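Visitor: I have a model open and would like to learn how to read it, one feature at a time. Please give me the general idea first, and then the case at hand.

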Amino acid sequence: MSEKSILDYETVELDDNDNSVVIIDQTKLPGKTELIKLHTAQEIWDAIYLLKVRGAPAIGVAAAFGIYVLAKEIAGEIGGDGRFDRFYEEFHEQKDYLNSARPTAVNLSWALNRMEQVCLRVGKETSSIPAVLNALHDEAVEMKEEDIRVCRSIGEYGLSLLKPGDGILTHCNAGQLATCKYGTATAPIYLGHEKGYGFHVFADETRPLLQGARLTAYELQSAGIDVTLICDNMSAMVMKNGWVNAVFVGCDRVASNGDAANKIGTSVVATVAKHYGIPFYVCAPTSTIDLHTPTGREINIEQRPAEEVTQMWYKERMAPEGVKVFNPAFDVTDHDLITAIITEHGIARAPYKKSLADLCQKKWN
């Protein structure tokens, strides 16, 4: 029997019998594949903040399962026949708490708000807490299934922009480990691999948390895809050498004008790609498009601990004690550096204010 691949594991799943969210602890990859169960609000919050579960779509699904798990706990505490207003008050508190874990990725608040809307709708219709729990369960499960459909659709649209034998560069991890299947930026790669396209992928290591080295290179290699790991400061050389035909990245939030927040370093890649005339594509489920945010300037950029830069991956500290550290988790790529934004409903091109609104309208219809 062949050894189980990382792609054979579920990134996020619900254990309803155990009332827990089950995730791969991505801080242990690639050295160790460890599944952990999250039962409490603190455990779920920590898993999101500490990047045990990461990637905007996966965070959204984990949050949906998480708030359902906490809703069951609340119902158990107040009794299944308790008052809905008391249940909702505690539900709302837990929802706000989970939402505070990471501010930049819009999928976290999107998923929690969607679950809250279901809670309110069914609660007002029935005042039945068991009915609310059933509806929350079904909504969370549908979010996971929806994510798989969305990623495959993004992959199909993205693949239409590629040809067999292309070289592709990607940054961070917008792969299966960031979603429930296929990934966003890697979805065209996986679908092309199934068709024998013979892509060659360059994966940026992605300092300081090394998602490209630990996760993207690991999962693509596990899938049998030709992948080469490079340091972040090597992207210009591989582009100049003519080895890259397209750049595909994911994203955590898209402003209405097309500015896109993604893992720190993405805007550097976009700038270099523009210089060498290489198309730069952002793969974004419509759930990450925030039409209420006018431009990237209004996106709240999460600041991470200094230790991630100075010592996290080193046997000994690699920076002087007391040195100042600037460690933003994301940067914003200006819309004029982006060739197109690929969603599950189609490909948006400039002017983005109109094309993104049109694609979101398709989703709502």
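Visitor: Let me start with a glycine: is Gly-55 buried or exposed?

Guide: Burial is judged from relative accessible area: under 20% is buried, over 50% is exposed and anything in between is partly exposed, using a 1.4 Å probe and protein chains only. Gly-55, with 13% relative accessibility, counts as buried. Before we go on, this is a predicted model, in which local features need pLDDT of at least 70 and side-chain atom pairs count only at pLDDT 80 or more, while totals for chains, interfaces and linings use all residues. Residues are numbered from 1 along each chain as its sequence is written, and side-chain values use heavy atoms, with hydrogens and water left out.

Visitor: Where is Gly-55 found?

Guide: Helices (H or I, at least four residues) and strands (E, at least two) are DSSP runs numbered from the N terminus. Gly-55 falls in the loop between helix 1 and helix 2. Its C-alpha atom is separated by 10.0 Å from that of Asn-262, although the two residues are 207 residues apart along the chain.

Visitor: Moving on to helix packing, at what angle do helix 2 and helix 3 pack?

Guide: Axes are lines fitted to C-alpha atoms, for helices over the stretch in contact, and the angle between N-to-C directions can run from 0 to 180 degrees. Helix 2 (residues 56–78) and helix 3 (residues 84–99) pack at about 145°, and their axes are 10 Å apart. The crossing of helix 2 with helix 3 is right-handed; a crossing has that hand if the near helix is turned clockwise from the far one by less than a right angle, and is left-handed if anticlockwise.

Visitor: Which residues in helix 2 and helix 3 meet?

Guide: Contact means heavy atoms within 4.5 Å. On the helix 2 side, Ala-63, Gly-66, Ile-67 and Leu-70 are among the residues that meet helix 3, whose own partners include Arg-86, Phe-87, Glu-90 and Phe-91. The residues of this contact divide into 10 nonpolar, 2 polar and 4 charged. Here Ala, Val, Leu, Ile, Met, Phe, Trp, Tyr, Cys and Pro count as nonpolar, Asp, Glu, Lys and Arg as charged, and the others, Gly among them, as polar.

Visitor: How many aromatic pairs does a search of the whole structure find?

Guide: A pair of aromatic rings is described by the distance of the centres and the angle of the planes. Rings of Phe, Tyr and Trp (its six-membered ring) pair if their centres lie within 6.5 Å; planes under 30 degrees apart count as stacked, over 60 as edge-to-face and the rest as tilted. The search finds 8 such pairs. In one of them, Trp-45 and Tyr-49 have ring centres 5.2 Å apart and planes at 20°, so this pair is stacked. These two residues are 4 residues apart in helix 1 (residues 41–49), which separates them by about one helical turn. Trp-45 is buried, at 18% relative accessible area, whereas Tyr-49 is partly exposed, at 23%.

Visitor: And what about Phe-84 and Tyr-88?

Guide: Their ring centres are 6.2 Å apart and their planes are at 20°, so they are stacked as well. Phe-84 and Tyr-88 sit 4 residues apart in helix 3, about one helical turn from each other, and Phe-84 is buried at 14%. Ring pairs also link Phe-84, Phe-87, Tyr-88 and Phe-91 into a cluster.

Visitor: Which residue lies over the face of Tyr-9?

Guide: A charge sits over a ring if NZ of Lys or CZ of Arg is within 6 Å of the ring centre and within 35 degrees of the ring normal. Lys-4 lies over the face of Tyr-9, 4.2 Å from the ring centre. Lys-263 likewise lies over the face of Phe-330, at 4.4 Å.

Visitor: Finally, which residues is Thr-104 in contact with?

Guide: Leaving aside neighbours within four places in sequence, its contacts include Asp-252, Arg-253, Ile-299 and Phe-330. Thr-104 is in the loop between helix 3 and helix 4 (106–126), and at 0% relative accessibility it counts as buried.
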